[in-house]
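Open the model in your viewer and follow the stops in order. Have side chains ready to display.

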Amino acid sequence: MARVKGGPRAHARHRKVIKAAKGYYGRRKSCFRTAVQAVEKAGQYAYRDRRTKKRDFRKLWIQRINAAARMHGLKYSTLMHGLKLSGIELDRKSLSEIAIHDEKGFEAIAKQAQAALDKAEKAAA
Amino acid sequence: MFHDLVRKMFAIVRTGGKQYRVQKDDKIEVEKLDAEAGKTVELDEVLFVDGKIGEPLVKGASVKAKVVEQTRGEKITIFKKKRRQNYRRKKGHRQNLTVLQITDIKAA
């Protein structure tokens with residue numbers, strides 16, 4: 001049987017990696033040895049950052065909600081407590097969107113949260 | 001502010017465990033719904049619409065949408081590796097999605 005040499009397969013593999021490394025800095029884009037390392041690391045970062053993205057956005061929304069809440073005399077944590085008491089299930093993304101696009105709507109939400117807090121306080125007293 | 005001048009009524013609807021801010025004629029990608037393309041679906045989990053706040057849902061409010069297509073999201077390459085452990089996993093993933101076009105928002 002004819003001997004099989006690895007040339008074409010190896011070349012294809014190298015090409016795939018080099019293609020994935022397009023736009024990288026320096027030799028990482030053109031030299032296979034460094035390109036594989038870079039591409040593998042990039043894959044690991046991508047996996048991790050798909051998860052951190054969720055946390056990062058949540059942090060951003062919380063900052064926005066906090067700023068908007070303080071315009072209505074509440075702070076973030078009391079606002080969220082008030083929302084829980086009043087049964088409002090808007091998530092943080094939605095709340096921040098409302099704060100940005102519908103100031104009156106957010107004011108109404110803050111008022112409702114405040115009312116729920118007052119009611120709970122009265123019940124406790 | 002500019003967006004005050006062009007403000008359109010929007011609603012916050014929940015589907016597939018996520019909330020979306022929608023306006024009429026918006027196109028949104030949501031987690032796969034069981035409906036054929038061209039059909040109309042009604043999203044009845046409306047949490048906020050036109051200043052009305054649901055506790056948790058706004059009673060009687062609903063959002064109608066046309067199913068534009070059943071599609072799959074961009075391919076994601078899942079690559080895991082642990083160095084010095086000879087551990088490497090590579091897997092592709094495409095999320096099943098439904099593209100919706102909002103046709104009507106009923107504030108009740």
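This is a predicted model: local features need pLDDT of at least 70, side-chain atom pairs count only at pLDDT 80 or more; totals for chains, interfaces and linings use all residues.

Residues are numbered from 1 along each chain as its sequence is written, chains are lettered from A and ligands numbered from 1 in the order written, and side-chain values use heavy atoms, without hydrogens and water.

**Stop 1.** Select B:Lys81 and A:Glu40. They form a salt bridge, with the closest N and O atoms 2.7 Å apart (a side-chain nitrogen of Lys or Arg within 4 Å of a carboxyl oxygen of Asp or Glu). This pair crosses between chains, from strand 8 of chain B to helix 2 of chain A (DSSP runs numbered from the N terminus: helices are H or I, at least four residues; strands are E, at least two). A:Glu40 is buried at 12% relative accessible area, while B:Lys81 is partly exposed at 24% (buried is under 20%, exposed over 50%, partly exposed in between; 1.4 Å probe, protein chains only).

**Stop 2.** Go to B:Glu42 and B:Lys64, a salt bridge at 4.0 Å, N to O. B:Glu42 lies in strand 4 and B:Lys64 in strand 7 of chain B, so the pair ties together parts 22 residues apart in sequence.

**Stop 3.** Select A:Lys53, in helix 2 of chain A. A:Lys53 is partly exposed, at 46%.
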